[in-house]
Amino acid sequence: MANIEIVETSLRDGNQCLWGATGVDTAKTLTIAPAMERAGYRAIDFTTSTHMGVAVRYKQEDPWERIREMARICRTTPLQFLSTGFRFISWETATPEFMELAFRTLATNGIRRFALADPMNDAASNVEVAKMVKRAGGDQVVGALVYTISPIHDDAHYAEAARVMAQSPDIDALYIKDPGGLLTPKRAATLIPAILAEIGDKPLELHNHCTIGLAEPACLEAADLGIAAVQCASGGAADGTSNPPIGRMIRNLRTLGHTVDVDDEAVEEVASYFTRLAEAEGYATGSPQPFDAAYFRHNLPGGMVGTMRRHLADQNAAHLEAAVIEEMGRVREELGWVIVMTPFAQMLQTQAMLNVTGKERWSIIPDEVIRFAIGKFGRPTQPVDPQVMDRIMAHPRTKQLEAETGMADLKTLRSRIGERLSDEEFLLRATMPDGQIEAMRKAGPAPRHYDPDTAPVMRLLRDVMARNDIADFAFEKDDLKIRLSA
């Protein structure tokens, strides 16, 4: 039996899977930070460039301020930043020097652990990015083996990728990243030994999702096979399309004879907080999911389910969810068994939506899908279906996109955006609209404290005070009495 560590994922992946990445702000984060620090987690899966963009766009909050304040509290627990290749906030592929500046600025502000998940599962690219992260001051680098199911993603594929990354002195650990929650205990029994045979004494972690009910049994099998850590969420931010619930995972691991060295009281405090937060804000909470074999075809990741539903609702097309999911499986195969993760998950969803709602499949092709097919995101693992490729190459936009020069060099961007800007502000202005940055600056420092028990009352009071048709208002609950008069 082994000691299994926990990576806490509520603030990043739980938030993304269940709450569309918009459920957490700075106050909600910092309020629970002391308990998260006490808990004794291996790390906290804290943010990505996407979440940083959400902080600005939807919360009018400075994401750098959030990182700094969280790091000030979490002095012993590393905060993790998830990077998905050469992209920072915007969809534009960034230059190496731009990404190195982003990594350096993240490290300076308090990010200590960097998870590298290349969308193509390109191990050599992860090795190069790991060098960059270490040059930029990152303490830990964890290389991802992005799990998917296809004719080409067999155990040998993952073992070879693990071998390449394990040989790098800049990669400290590896993890199986299963965004679709597709790893079965049976497959884990062959996959994990194949990977462990190639990585020597470097630890292997498992990150998976409860989307079709496989995550917890796969984690328990992985613990028996030699995994060092499992990545789980807490309370109301766990289960469903999110990650396994920490409390239940700890109990099951201990029952099976493993040790989990955490502060149980702090772990329970964190779980209770995220449950109360979800209840106070009216957020969806995860629950155990039934098995759905269709996921083995379309591979839709847990984090994408919540985002997809939000996008479909925004377009008044929620009733098309099942058709879009089915079409995603077809599109994925036609594009060469692309791994369904950011940014490709979003591309697949968009193309599937257009195929479902259009007069003819592939009659409308977004720029990002064209960029993928012509290699702007790297070399596709398998060739694109010839008939689809013919359509893409005949598209009037293809020649224009082939001629794109990409992001300007760092010196040019600096002169264009502002020589005297801090690195933090420069990186935001280089990747986001000025209007959103100005709205964030105008909003000022973010609040630092959030109380889920009083949040509904405060929301009610703000709504009442904003109206001019109420002359008298009274509220009473337990010992709390409030009266407002015009």
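Colleague: Which residues have the most contacts inside the largest nonpolar core?

Modeller: Happy to start there, bearing in mind that this is a predicted model. The largest nonpolar core has 134 residues, and helix α11 (residues 264–281) gives the largest share of this core, eight residues. A second, separate core has 10 residues, including Val146 and Tyr175. Back in the largest core, the residues with the most contacts are Met70, Phe88, Phe98, Phe103 and Leu106.

Colleague: Leaving aside neighbours within four places in sequence, what is Phe98 in contact with?

Modeller: Phe98 is among the residues with the most contacts inside the largest core. With its neighbours within four places in sequence set aside, its contacts are Phe88, Met407, Leu410, Leu413, Phe426, Leu427, Ala430 and Thr431.

Colleague: Which residues do ring pairs link into a cluster?

Modeller: Searching the whole structure turns up 12 aromatic pairs. Ring pairs join five residues into a cluster, namely Trp64, Phe81, Phe88, Phe103 and Phe114.

Colleague: Phe344 and Phe377 also pair, so is their arrangement stacked or edge-to-face?

Modeller: Phe344 lies in helix α15 (residues 344–357), while Phe377 is in the loop between α16 (367–373) and α17 (386–394), so their pairing ties together parts that are 33 residues apart in sequence. Phe344 counts as buried at 2% relative accessibility, and Phe377 does too, at 19%, because the cut-off for buried is under 20%. The ring centres are 5.8 Å apart and the planes are at 90°, so the pair is edge-to-face.

Colleague: What is the angle between the planes of Phe291 and Phe296?

Modeller: Phe296 is partly exposed, with a relative accessible area of 26%. Its ring and that of Phe291 are 5.8 Å centre to centre, and the pair is tilted, with an angle between the planes of 50°.

Colleague: Which ring does the charged end of Lys28 sit over?

Modeller: Charges sit over rings at more than one site, and Arg414 lies over the face of Phe426, at 4.3 Å from the ring centre. The charged end of Lys28 is 4.7 Å from the centre of its ring, which belongs to Tyr450.

Notes
Residues are numbered from 1 along each chain as its sequence is written. This is a predicted model: local features need pLDDT of at least 70, side-chain atom pairs count only at pLDDT 80 or more; totals for chains, interfaces and linings use all residues. Side-chain values use heavy atoms; hydrogens and water are left out. A nonpolar core is a set of buried Ala, Val, Leu, Ile, Met, Phe, Trp, Tyr and Cys residues joined through side-chain atoms within 4.5 Å. Buried means under 20% relative accessible area, exposed over 50%, partly exposed in between (1.4 Å probe, protein chains only). Helices (H or I, at least four residues) and strands (E, at least two) are DSSP runs, numbered from the N terminus. Contact means heavy atoms within 4.5 Å. Rings of Phe, Tyr and Trp (its six-membered ring) pair if their centres lie within 6.5 Å; planes under 30 degrees apart count as stacked, over 60 as edge-to-face and the rest as tilted. A charge sits over a ring if NZ of Lys or CZ of Arg is within 6 Å of the ring centre and within 35 degrees of the ring normal.
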